[in-house]
Amino acid sequence: MARLHRQPICVASALLVPLLQLVAPSWLALDGVGPSWAMLWLLPWALVDGPVSGGMAGAALGLVLDGLSLGDVSQVPALVLMGWWWGRLGRRGAPIQRSLSIGLLAWIGTLVLGLSLWLQLLVLGSSEPMLQAWALHTTLAQALITGLLAPMVGSWQLLLWRRRAPA
């Protein structure tokens, strides 16, 4: 059983997510929308450390990112769900090693995150057509850029964390 959550350097790497969210490199943006750094960090973490750690890491990361935003919607439900699901995939199935698989999982996770935010906007009563179109555009652009970036970033993190985690 992997124990990434007991290694301070691995836990400290989560601090890069809010930093990258704030810095938002413009050269990694697609039509002004950057990748979902939370999904890029959470995917390899959950695959290596398991469903409980993935869900808790998703909750902690979501709370930090929600603290940086001014909106009424929260990233926590989607990050917890994806952390738990990816953790189960890492525990129950064959080890995920192919770049295409990592990219596809990150793309799905980012779509789930965007749809979760969109549903929360609907529940809160924000049914303006302009806001709906903006949310759809943002979700699709973010999912695409995250899915394209995940094979590079996620594969590297997965390789690094599998080496650090005791089997």
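**View 1. Helix 2 and helix 4 each supply at least two residues of the nonpolar patch.** Helices here are DSSP runs of H or I with at least four residues, numbered from the N terminus. Helix 2 gives the largest share, four residues. The patch on the surface consists of Leu16, Leu19, Leu22, Val23, Val64 and Leu68, with about 560 Å² of accessible area together. Patch residues have over 30% relative accessible area and no salt bridge, and nonpolar side chains are joined within 5 Å. A salt bridge puts a Lys or Arg side-chain nitrogen within 4 Å of an Asp or Glu carboxyl oxygen. Areas follow the Shrake-Rupley method with a 1.4 Å probe. The model is predicted: local features need pLDDT of at least 70, side-chain atom pairs count only at pLDDT 80 or more, and totals for chains, interfaces and linings use all residues. Residues are numbered from 1 along each chain, and side-chain values use heavy atoms, without hydrogens or water.

**View 2. Leu16 lies in helix 2.** Leu16 counts as partly exposed because its relative accessibility is 47%, between the limits of 20% for buried and 50% for exposed.

**View 3. The largest pocket has a volume of about 860 Å³.** A pocket is an open set of points on a 1 Å grid, probed at 1.4 Å, with protein on both sides within 12 Å along at least five of seven lines; lining residues have an atom within 4 Å of a point. Of its 35 lining residues, Gln21, Gln75, Leu117, Trp134 and Thr138 are the closest to the centre. Helix 7 gives the largest share of the lining, six residues. The lining divides into 20 nonpolar, 13 polar and two charged residues.

Methods:
Grid points are joined across faces, edges and corners, and a volume is the space filled by probe spheres set on the points. Ala, Val, Leu, Ile, Met, Phe, Trp, Tyr, Cys and Pro count as nonpolar, Asp, Glu, Lys and Arg as charged, and the others, Gly among them, as polar. Patches are made of residues with over 30% relative accessible area and no salt bridge: like charges are joined within 9 Å, nonpolar side chains (Val, Leu, Ile, Met, Phe, Trp, Tyr) within 5 Å. Buried means under 20% relative accessible area, exposed over 50%, partly exposed in between (1.4 Å probe, protein chains only).
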